Amino acid sequence: MKGTRGAVGHEFGNAPTTIMEPPQVVLPDDQLFSRRALRLRELMVMVPALDEFLDFMARLAQAQQQVFGGREPAWRPAPDAFDQAFAHRMPPLGFRALRRDLDWQADLSAILDALALHVGERQRPLLQALRSLGADELQAIAEDVLEQRSGSEASRGLMPLVAAALQVSWARLAAGLPRAPAQPLDDARALCPSCGSPPVASVVHNEPHRSGVRFLHCALCATEWHLERVKCSNCETGGQLLYVGLNDQQGEPFLPVQAEACGACESYLKIVLRQIQGRADPVADDLASLPLDLMLAEQGSYARSGYNPLLVFGDD
């Protein structure tokens, strides 16, 4: 595979040409993790160099789906719990406010149970290590995940499994909100309107009611919110964007993913085009396009702004 660069404007697809009023904020549905698992299995074939990693992530996503739909959490907010947040356009599920209220550790235990019979020998020590930790030690790992820290060398391998449980807990709450929150205010447009977390990537949809429209996809709760295309998600500059992708040996893009790199703030966020591959998933395709991150890191011109809690980069 090799890199390719494009000028302002996407190499794939076009902005919508008809007048439409797409939804501004879309909450996750009850098949979120099932679709992600299916996409990860597709990507195993498409990216054979990462097939073992993607296979484990597919099994993890399937375990997330099982726990997401099959477990009733011990804590549920009161019906009017979010009234003030909605009124003041604040994230009703702010991850700093709720981090000790959610029984995410029970979701983690259920995910480990679901994985136990479906992982290889190389992953079993991770499951055993997590089961041996106390509640305070697990909470410390969760704090690193939520605050986008890389964690210690000892905890780094455990963080994606903790992150998977956190995703289940917050996505369950987001799916159960009485209504979608309003679009974020200008000074917070890069943060999720439901939980205040950053996006993992943006996705351009192929559904009739929002075909060709870009949404940022929350790394934690999977809420999506609209952001105009050809605009940096980090600083909202529109005139200094470069699109970088990976091509196969025939010179064709082998994944529907590009890095939208901004010369103004020197950051990039991946953009996923469902018009090219209809089941593309912002989390799954971000994992599969890791070589794109490595290429950009080697070039040293742009820093990654997207955050995928299932993919931990070390500081060393």
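Keep in mind along the way that the model is predicted.

Let us start with helix H5, which runs over residues 104-115. Now look at which residues are hidden: Trp-104, Asp-107, Leu-108, Ile-111, Leu-112, Ala-114 and Leu-115 are buried. Seen down the axis of H5, these buried residues fall within an arc of 160°, so they line one face of the helix. The spacing makes sense in general terms: an α-helix has 3.6 residues a turn, so residues three or four places apart point the same way. And what covers the buried residues of H5? The cover includes helix H2 (51-70), helix H6 (124-131), helix H7 (135-146) and helix H8 (159-175).

Further along the chain, two annotated regions come into view. An unreviewed UniProt entry gives the annotation "domain: FdhE central" to residues 191-229. That span is 0% helix and 36% strand, and its end C-alpha atoms lie 16 Å apart. The annotation "domain: FdhE C-terminal", also from an unreviewed UniProt entry, covers residues 230-311. Over residues 230-311 the chain is 21% helix and 27% strand, with end C-alpha atoms 26 Å apart.

Our next stop is strand S7, residues 257-262. Six of its six residues are buried, so S7 is largely enclosed by the rest of the structure. In a regular strand the side chains alternate between the two faces of the sheet. Here, Val-257, Ala-259 and Ala-261 point one way, while Gln-258, Glu-260 and Cys-262 point the other way, and all are buried. Strand S6 (residues 241-247) runs antiparallel to S7 and is joined to it by four bridges, with Leu-242 standing opposite Ala-261. S7 also pairs with strand S8 (residues 267-273) in the antiparallel sense, over six bridges; there Cys-262 stands opposite Ser-267. Four residues lie between the strands in the hairpin of S7 and S8, where Glu-266 takes a positive phi near 55°.

Finally, the cysteines. How many disulfides does a search of the whole structure find? The search finds zero. The sulfur of Cys-192 has its closest cysteine sulfur in Cys-221, 3.6 Å away, which is too far for a bond. Cys-232 is in no disulfide either, and the nearest cysteine sulfur, that of Cys-265, is 3.7 Å away. Cys-192 counts as buried at 2% relative accessibility, and Cys-232 counts as buried at 4%.

Terms used
Residues numbered from 1 in each chain as written. Predicted model: local features only at pLDDT ≥ 70, side-chain atom pairs only at ≥ 80, totals over all residues. Heavy atoms only, no water. Helix = DSSP H or I, 4+ residues; strand = E, 2+ residues; numbered from the N terminus. Expected span 1.5 Å × (residues − 1). Buried < 20%, exposed > 50% of the residue type's maximum accessible area, 1.4 Å probe, protein only. Arc of directions from axis to C-beta. Contact = heavy atoms within 4.5 Å. UniProt positions renumbered as here; feature names shortened; annotations may be inferred. Pairing = 2+ DSSP bridges. Disulfide = S-S within 2.5 Å.
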